[in-house]
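Hi,

Here is the structure I promised to pass on, with some notes on what turned up in it. Have a look at it first, then read on below.

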Amino acid sequence: MSKVGVIPGPSLLSSLMWSLWPGRVINAGKSRHNEDQACCEVVYVEGRRSVSGAPREPSPSQQGLCFYYWGLFDGHAGGGAAEMASRLLHRHIREQLKDLVEILQDPSPPPLCLSSTPGTPGSSDPSHLVGPQSCWPSQKEVTHESLVVGAIENAFQLMDEQLAQERHGHHVEGGCCALVVVYLLGKVYVANAGDSRAIIVRNGEIIPMSREFTPETERQRLQLLGFLKPELLGGEFTHLEFPRRVQSKELGQRMLYRDQNMTGWAYKKIELEDLRFPLVCGEGKKARVMATIGVTRGLGDHNLKVCSSSLPIKPFLSCFPEVRVYDLTQYEHCPDDVLVLGTDGLWDVTSDCEVAATVDRVLSTYEPNDPSRYTALAQALVLGARGTPRDRGWRLPNNKLGSGDDISVFIIPLGGPGSYS
């Protein structure tokens, strides 16, 4: 199954009500159900308390914050985690932002502390805590932007904890990759945990807004954890990597290897423990952690075990996203400038350059003020990655196989008709 969606960007919201146009097609007969989930919301955040810690009194002059939210959740081993995250993650972000409403609206630097005692000011001067000869440096600069990033990171962790707590009572199966966009106070925050991808296409230029987290890209993090906590390997795996599986007849020989500290390769003498299965094996789309899962970040997967084993994989899977920030106020955007979000079903068979070419080709055939142009673009990307049915399966125009995965795409316009010079 594939899914398409488009929502006007912030600069269009004054003239167009935000909306979502979904569409689905059977994707090469891969499965009966689409495990991808999508969500878009306008979320109002009311402050929990003032900076001083005093309870906030209702007043017409006091304003909360509003953020726009888009999320793609690529489920695996069941759609339960993706469905739950699509319904709840933005609520966790809202809760994390409640303490920041007044701070984010104040141009002065954020306070160092928020007092838990009503009426007691927060402290931004740590000098009374250390002596004059202290080795502590001066106070680090903390930006409003970093507070929003921290709120999103904490929200992902809380969502993952909720999935762990409720997986039994609510039968939440599997896990999901999560790609989330938050537009707040003129900035776009793109948070990615998994192998989905986001790019901005601006005046034909491609600006990456995420990176994929796979066993290959996170090899050293995984190996370091296995080195520090060998009990997580259960005596079944080795944290070392070899170019191929070591065979018993190679004991005593010297073979290429690398560990958690290495980007290059070196030779080591093969010992008995090197015959264990490698923690990270395979390459490309076939790379796996513990020979089981091909992504290293996401939500859920609390019940995931190594095949034919009771060894849990979750300790190696991080729920924390990487958050990248794009300041919309720093550039002039035209209606052809868009943020493209897609699950790996799109990117498995489509490059960034091919997506940018499709953006230019499709949008150029519509008037700049026609909102259906973005729906057409989302559909073109989904159908192009799916391919067309032929005698030997679903094929792309170059006769290569089309995507065999669920495909979900969001198109978020960054500029409106008035943005043209």
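His-76, Ile-293, Val-295, Thr-296, Arg-297, Gly-298, Leu-299, Gly-300, Asp-301, Lys-314 and Leu-317 line the largest cavity. Please keep in mind that this is a predicted model. The space inside that cavity is about 50 Å³, and the count of cavities of 30 Å³ or more comes to one. Sorted by class, the lining of the largest cavity has four nonpolar, four polar and three charged residues.

The largest pocket has a volume of about 520 Å³. It is lined by 24 residues, and Asp-195, Lys-285, Val-295, Asp-344 and Asp-405 are the closest to its centre. Strand β4 (65-76) gives the largest share, three residues, while β4 and α5 each supply at least two.

Now for helix α6. Its twelve residues, 352-363, reach 16 Å from the first C-alpha to the last, close to the 16 Å expected. Buried in α6 are Asp-352, Val-355, Ala-356, Thr-358, Val-359, Val-362 and Leu-363. On the face turned away from the buried side, Cys-353, Asp-360 and Arg-361 are exposed.

Best wishes

Technical notes:
Residues are numbered from 1 along each chain as its sequence is written. This is a predicted model: local features need pLDDT of at least 70, side-chain atom pairs count only at pLDDT 80 or more; totals for chains, interfaces and linings use all residues. Side-chain values use heavy atoms; hydrogens and water are left out. Helices (H or I, at least four residues) and strands (E, at least two) are DSSP runs, numbered from the N terminus. The expected span of a helix is 1.5 Å times one less than its number of residues. Buried means under 20% relative accessible area, exposed over 50%, partly exposed in between (1.4 Å probe, protein chains only). On a 1 Å grid over the protein atoms alone, a cavity is a set of points where a 1.4 Å probe fits but cannot get out, and a pocket is an open set with protein on both sides within 12 Å along at least five of seven lines; lining residues have an atom within 4 Å of a point. Grid points are joined across faces, edges and corners, and a volume is the space filled by probe spheres set on the points. Ala, Val, Leu, Ile, Met, Phe, Trp, Tyr, Cys and Pro count as nonpolar, Asp, Glu, Lys and Arg as charged, and the others, Gly among them, as polar.
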